[in-house]
Amino acid sequence: MAEKKQQTLKQQASSQSKVLVGEVVSDKMDKTVVVKISRTLKHPVFGKVIQQIKKYKAHDQENSAGIGDVVEIVECRPLSKTKHMVLNRIVAKRA
């Protein structure tokens with residue numbers, strides 16, 4: 001049953017959904033991971049390259065991702081007040 005629910009969540013993510021790759025910073029919650037997405041951009045006035053960080057909570061049905069893993073998350077329907085992403089796959093495990 002849990003596998004069926006996970007598959008339906010992934011199917012809801014269409015080709016227009018956001019797909020982000022980031023690092024897991026917390027896995028202490030049950031079936032939830034916090035993923036840090038960082039991007040670099042040039043400051044519009046000063047020209048200095050800065051790093052912008054945003055954290056997303058993602059649904060992890062099997063609790064398979066751990067701290068330091070690089071994961072891919074996909075946007076889906078709201079699952080809770082702050083959780084609207086689902087774990088798609090683990091790109092790299094922490095060594």
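**View 1. Asn63 sits in the loop between strand 3 and strand 4.** This is a close-up from a predicted model. Phi of Asn63 is near 55°, so we have a positive value in a residue that isn't glycine. As for the surface, Asn63 has a relative accessible area of 40%, which makes this residue partly exposed.

**View 2. Gln61 is in the loop that links strand 3 (49-59) to strand 4 (70-75).** Is Gln61 buried or exposed? Its relative accessibility is 12%, and the cut-off for buried is under 20%, so Gln61 counts as buried. The side chain of Gln61 also makes a polar contact, at 2.9 Å, with the side chain of His59.

**View 3. Lys31 lies in the loop between strand 1 (19-26) and strand 2 (32-42).** Here's another backbone to check: Lys31 isn't a glycine, yet its phi is positive, at about 60°. With a relative accessible area of 31%, Lys31 comes out as partly exposed.

**View 4. Five strands form a closed barrel in the order 1-2-3-5-4.** The pairing in this barrel is mixed. On average, neighbouring strands of the sheet are turned by 50° against each other, ignoring direction.

**View 5. Strand 3 and strand 5 (residues 83-92) run parallel.** How many bridges join strand 3 to strand 5? There are three bridges between strand 3 and strand 5. Zooming in on a pair of lysines, Lys57 stands opposite Lys83 of strand 5. As background, strands of a sheet pair through backbone hydrogen bonds, in either a parallel or an antiparallel way.

Definitions and conventions:
Residues numbered from 1 in each chain as written. Predicted model: local features only at pLDDT ≥ 70, side-chain atom pairs only at ≥ 80, totals over all residues. Heavy atoms only, no water. Helix = DSSP H or I, 4+ residues; strand = E, 2+ residues; numbered from the N terminus. Buried < 20%, exposed > 50% of the residue type's maximum accessible area, 1.4 Å probe, protein only. Polar contact = N/O pair within 3.5 Å; in protein donor to acceptor, adjacent residues only side chain to side chain. Pairing = 2+ DSSP bridges. Axes fitted to C-alpha atoms, helices over the stretch in contact; angles between N-to-C directions.
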